[in-house]
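Dear colleague,

Please find below the structure that I am handing over to you. A short account of the findings follows it.

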Amino acid sequence: MRLSQRPFRSVLLAACVALPVGLAAARPFVPAAAPPVPGPGRLAVARLQYEGGGDWYANPSSLPNLIRAIAERTSLPIERTEAKVTLTDSSLFDFPFLHATGHGEMKLSEVEGRRLREYLTRGGFLHVDDNFGLDESFRREIAKVFPDRPLVEVPTSHPIYHLVYDFPTGLPKIHEHDGKPAKGYGIFIGNRLALFYTFSTDLGNGWEDVGTYPDPPALHEQAIRLGVNLFTYAATSRVQP
């Protein structure tokens, strides 16, 4: 569904989301060498490639695992392959959900900043996960993109914490670094959350294969559940005036 053609359709969650009773039987996942642009009516997840030296490609098993969970736990028509895009790619507006992560520097050109603002304003959703090191540069760059819309803490009453799975206390703490509490920040356009920034939680680490990090499987499950909520919100939210 192209963002440039129309806003996302409003979907009845009762019709599109399966009961959160855990993963179905595992199915093999074979990523394509060059993921295609999603077909008509299909939804897809894209990893954002950015400049500056940061490892935008970090957590390689995270998005395949999240995509599998979305496909198995909901009836949203999701593509089963992860795409990779830059902000200047012509296919940018074909993806309702962008994910960015990394440990180092993020740098956006003036053109990329304008494209990101346009993408988010026209209905796109960006999830940025600080992988312990991205925080300073991300905050600097996003302030250039939205000087009129500061990052604000997203309240625990917001649908991203309740759509499919319930997180009454907000963002879970998945991976420990410096002991700071997990925080979820966002940028709103109208009433719609267009950008969600997860800080001091390493949500993407939690999406990776169990055993990649010395975190218990229960935290992997918590991370996956919140990721399902994020994608469901991105796919079913409407552009507000």
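**Findings**

In strand E7, threonine 198 is the bridge partner of aspartate 129. The model is a predicted one, in which local features need pLDDT of at least 70 and side-chain atom pairs count only at pLDDT 80 or more, while totals for chains, interfaces and linings use all residues. Residues are numbered from 1 along each chain as its sequence is written, and side-chain values use heavy atoms, with hydrogens and water left out.

Strand E4 (residues 125-130) and strand E7 (residues 192-199) run parallel and are joined by four bridges; two strands pair if DSSP finds at least two bridges between them. Helix H6 (residues 217-236) packs on the sheet and touches E4 and E7, as well as strand E1 (45-48) and strand E3 (97-102), a contact being heavy atoms within 4.5 Å. The direction of H6 makes about 155 degrees with that of E4 (axes are lines fitted to C-alpha atoms, for helices over the stretch in contact, and angles run from 0 to 180 degrees between N-to-C directions).

The open sheet has seven strands in the order E2-E1-E3-E4-E7-E6-E5, with mixed pairing. Strand E2 (83-85) and strand E5 (152-153) are at the edges with a single partner strand each, so one side of each has no neighbour in the sheet.

The chain as a whole has six helices and seven strands (DSSP runs numbered from the N terminus: helices are H or I, at least four residues, and strands are E, at least two). Of its contacts with a separation of 6 or more, 79% are between residues 24 or more positions apart.

Kind regards
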